[in-house]
Amino acid sequence: MTDENAARHRSIEPAVFDCVGIALFGGYSPTSLQYHFPLQPLCPYSGADDVEAVTLSTRATAWGWTVVTAPPPGYAGSVPYGFGVVELIREKLRLVTRLQIVDPSELSFGDPMELTADVVDSDDDGTEVLVWSFAKVSS
Amino acid sequence: MSSVEITGIGMHPFGRFDGVTVTDMGVHAVRTALSDAGNPAFQAAYCGTAYSGVASGHKVLSAIARTGIPIVDVEAGCASGAAALSLGAAAIRSGQYDTVLVFGIEKMPKGIIRSSFFEPWREQAGLAATPSYFALRAQRLMRESGLTKQDLALVCVKNRAHGVHNPYAMFRKAVTVDEVLGSRIVCDPLHLWMLCSPNEGAAAVVLQRSDRPRIALRAAVLCSHLPGSVLGEATPFAGVDDSLITPPSTLAARQAYAEAECGPTDFDLVECQDTDAARELLAWEELEICVKGQQPQRLADGVHQHGGALPINVSGGLLSKGEPLGASALGQVVELVEHLRGNAGLRQVPGARIGLAHTVGRGANASAVIVSRDR
C-alpha cells in the first residue's frame, strides 16, 4: 500500500495491526516457549514477565471458518463476511480473524492462507478503517 | 460438614414478557420458592444476573420487604445462577448460615447477545459475533467427532419434543429435522433453530442446613477455564494446540463427581448447556457421559431422549426454554428437583433419584450441580 493510500486508511487498532506494512503484532515468552496475540505485558499462558514483542508471520492454514450473515452488535460493515481461525505455520498459533470468503464451501481444512486487510467501516471524514483478514493463497 | 437441602423452588417462565420488569420476575420466583419452603427466615441471599444492573438482587428483596441481610449479586456469564448457588451452599456447609435464598434473574434484548466483554473495536471489526464462535466450535466438533448437520438437527428435535411438556418453556412446539435444516443459516453450520434465544425469566431455590435432607444439594461447583484454547467460551484472540488442555466443564464435572461420590453412570437425568445444538453434543464429551465420536450412535438409539437410558434436557433445554443468563442454571436445578419430587408431569423421568445440571459460558466459567433424593 502506498503512503498516499495509507493517508486515506487507518488501522482499527494500530497496536495490534499495521495496515500499511500488513503485519500483526504479538508476543513471545522464552520461558513458556509460546507465542501469543495481541501483544500483552505478561505471557497469557504462564504469567511470565519476559514477553518479547514480535511481528507475527503471515502464512497460515485454514483451521476453522464460517460466514456471518447478519451484522452483529457494534458492527457497521457489510455482510456476509468470512470469519474463522487460522493457524500460523511458523508459530503454531491459532488466530481469530476475518476471512476473504463469502461462502463456507470456498475453504477446506488446511488450505494455505495469507495475511491481508479488510475494510470494515469508515470515519466521518471518509477514512477507511482496516482490520486484518486472511485470504486463501491461489495455487 | 453439614448437608445442604433444597427445601423450596420457584420459577418465572422463560420467554418474552413486555411490561414485566426483571424485578417483577424475580419477585415471582422468590415468593414461589419461599412459599414452597414454608416461608422460612433466611440469613443471606445470592442473586445471579449478568445484565440486570447495579443492586438488582436488592430490588427484588426490597419489593417483598425481606432486606436487612447480606444480598450479594453474582455475575459469571451463563453460569451466574450456579455461581450464586455455589456461594449459598458453601455458606451453609461452613456453618455460617442455616438458611439462604438463591435466585437468578434476567431480561435480555432480542438477538445476538451484546457483551461489554468485547472491546468496542473488536465489535467494529466484526470479531464479536457470538454465534460465529459457536459455529467454529460446531464445525470442529463435526470434524473431530464425525458428526453431521443431521446430528445437530436431531438434538433440536429431541429437546423441542421435550419442551412441549414444559409450561416454563418459550417454545412448546415439536420440530422435525427438515424444519430445523430449513430454517435460515445464521453462521454455517448453525441454522437459526439450532441456536437458543436469549430471553427473560427468573428462578429461585431455598437452601437449608439438614442432617437428613430429602432433596440434597450434593455438589455445586464453579470452575473457570485454563488458558490456551482459542474456541472455548473465554473467546480469546488467539490460542495454541489445546488437545491436552482440560476444558472448564470437565474440570467442574470431575470436582462435582468427586464431591458427590458419583459419576455419569449414576445419573437418572442431566440438564446440560445447549446454547446451540453442537454445544450439547460437546457437553456430552466434556461431562464424560460419552467418549468422542459416540454421539451419532447415541442420537440414533435415543439413549438421551425421554424414555432412554439417560435422558438429557428433558426440560426442553435452552433450545426450548431460551436463555435468561442469570436464571438459566437455577432453572435447571428447579427442573431436577421437580423430577426428584415426582412432580414433573409428562416430563417426569420415572423413579429419578439423582441428576446433574451443567452450564458453561462467558468468562469462561462452567458449573456442575448434583442433586439427589436421599429419603
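In this predicted model, B:Glu280 is buried, with a relative accessible area of 0%; here buried means under 20% relative accessible area, exposed means over 50%, and partly exposed covers what lies in between (1.4 Å probe, protein chains only). Residues are numbered from 1 along each chain as its sequence is written, chains are lettered from A in the order in which they are written, and side-chain values use heavy atoms, with hydrogens and water left out. Local features need pLDDT of at least 70 and side-chain atom pairs count only at pLDDT 80 or more, while totals for chains, interfaces and linings use all residues.

Side chains of opposite charge can pair when their charged atoms come close. B:Glu280 forms a salt bridge with B:Lys158, and the closest N and O atoms are 2.7 Å apart; the term stands for a side-chain nitrogen of Lys or Arg within 4 Å of a carboxyl oxygen of Asp or Glu. This pair links distant parts of the chain, with B:Lys158 in helix H6 (residues 149-163) of chain B and B:Glu280 in helix H9 (residues 277-286) of chain B, 122 residues apart. Helices (H or I, at least four residues) and strands (E, at least two) are DSSP runs, numbered from the N terminus. B:Lys158 also counts as buried, at 7% relative accessibility.

Over all chains, a search of the whole structure finds 28 salt bridges. In chain A, A:Arg98 is joined to A:Asp118 by a salt bridge whose closest N and O atoms are 2.8 Å apart. Because A:Arg98 lies in strand E8 of chain A and A:Asp118 in strand E9 of chain A, the pair ties together parts that are 20 residues apart in sequence. A:Arg98 counts as buried at 3% relative accessibility, and A:Asp118 counts as buried at 14%.

B:Arg140 and B:Glu144 both lie in helix H5 (residues 130-145) of chain B, four residues apart, about one turn of the helix. Their salt bridge brings the closest N and O atoms to 3.1 Å. B:Arg140 is buried, with a relative accessible area of 16%, whereas B:Glu144 is partly exposed at 38%.

The two chains also meet each other. Chain A has 39 residues in contact with 33 residues of chain B, where contact means heavy atoms within 4.5 Å. About 3,000 Å² is buried between chain A and chain B, and carbon and sulfur atoms give 64% of this area; buried area is the accessible area (1.4 Å probe) that two parts lose on being put together, summed over both.

Two salt bridges are counted between chain A and chain B. In a salt bridge between A:Arg94 and B:Asp242, N and O lie 3.6 Å apart. A:Arg94 also stands opposite B:Gly239 in E9(B). Here E8(A) and strand E9 (residues 238-239) of chain B pair in the antiparallel sense over two bridges; strands pair if DSSP finds at least two bridges between them. Finally, A:Arg94, B:Asp242, B:Arg140 and B:Glu144 are among the residues linked in a network of salt bridges, which also includes A:Glu87, B:Asp241, B:Glu285 and B:Lys292.
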